[in-house]
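Dear colleague,

I am handing over the structure we discussed, together with a short account of what was found in it. Please look through the sequence and the coordinates first; the notes follow below.

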Amino acid sequence: KKMGLKLNAAKIPFSSFRAKFYCANRDETMALGAAFSALLAVKNRNLNIDPVRSVGLIAPSGTGKSAFLFGIHEGLSDDFNRHSRSILMQNGVSEYTNARGGLVRHFDLCVRARDPSAGYNSIRPHHCILAQGLERAGVELVEHANIYKAPRFDYILRLRALDRNSRTLSLYTTDKMAVDPAFQTFLDDNAGRRARPAHYIKDAIDACVPAINVWMPF
């Protein structure tokens with residue numbers, strides 16, 4: 001059963017929190033994304049039972065979202081690059097197929113409708129594509145997951161900038177996904193990247209007084 005989180009105002013049930021990671025720079029953020037891609041690889045799950053993995057990201061500009069996603073794409077060995085990023089910013093969706101990830105479909109839900117006459121609240125094409133789901137085994141990567149009205153994510157990652165280069169990534173998932181051997185391996189392999197108490201305190205302060213962070217965290 002997919003995780004039905006209520007993401008209005010970017011709020012997530014605390015019971016689904018699993019881990020917080022700290023990345024000091026862009027390279028570390030990309031490396032964490034590449035490590036996380038192992039949870040999405042088709043070889044690491046039973047495709048008859050679990051054909052699709054959905055990942056939602058809650059992260060405003062400047063919090064390392066692009067770096068983390070580039071790391072995932074690199075780990076899945078698809079063809080996502082800076083040119084692909086520009087296409088995503090225009091269309092709100094892009095997709096790739098490979099042996100590691102299957103069908104990898106990447107969404108940016110903040111992309112505006114291409115028709116300027118459409119109202120702000122109108123349903124946009126990429127929202128419709130996301131609602132339909134994948135037609136074969138693969139991965140959904142969804143930026144700005146907090147504005148999706150019918151969340152079904154297996155994993156939620158919330159990114160927060162601590163300064164210009166460093167950030168924390170909080171990981172949420174279901175009890176079922178948390179006991180998966182691949183998930184436990186991911187936690188063990190990345191124990192050195194786990195956040196320290198000071199990072200939790202900074203996140204708490206930033207959440208209470210968001211104006212102090214120029215990178216606009218939720």
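Is His-144 buried or exposed? In this predicted model, His-144 is buried, since its relative accessible area is 12% and the limit for that class is under 20%. The residue sits in the loop between β5 and β6. Its backbone also deserves attention: His-144 has a positive phi of about 60° although it is not a glycine. As background, most residues other than glycine have a negative phi.

Ser-77 shows a positive phi as well, again about 60° and again without being a glycine. This serine belongs to the loop between α2 and α3, the latter helix covering 82–91. With a relative accessibility of 39%, Ser-77 is classed as partly exposed, because that class lies between the 20% and 50% limits.

The loop that holds His-144 also holds Asp-154. Asp-154 is buried, with a relative accessible area of 4%. A polar atom of the Asp-154 side chain lies 2.9 Å from the backbone nitrogen of Ser-54, and this pair counts as a polar contact because the cut-off is 3.5 Å.

On the α1 side, the contact is made by Arg-26, Thr-29, Met-30, Leu-32, Gly-33, Ala-34 and Phe-36. On the α2 side, the contributing residues are Ala-67, Phe-68, Phe-70, Gly-71, Ile-72, Glu-74 and Gly-75.

Finally, the cysteines. How many disulfides does the count give? The count comes to 0, where a disulfide would require a pair of cysteine sulfur atoms within 2.5 Å. Cys-110 is partly exposed, at a relative accessible area of 42%. Cys-128 is likewise placed in the partly exposed class, at 35% relative accessibility.

With kind regards

Methods
Residues numbered from 1 in each chain as written. Predicted model: local features only at pLDDT ≥ 70, side-chain atom pairs only at ≥ 80, totals over all residues. Heavy atoms only, no water. Buried < 20%, exposed > 50% of the residue type's maximum accessible area, 1.4 Å probe, protein only. Helix = DSSP H or I, 4+ residues; strand = E, 2+ residues; numbered from the N terminus. Polar contact = N/O pair within 3.5 Å; in protein donor to acceptor, adjacent residues only side chain to side chain. Contact = heavy atoms within 4.5 Å.
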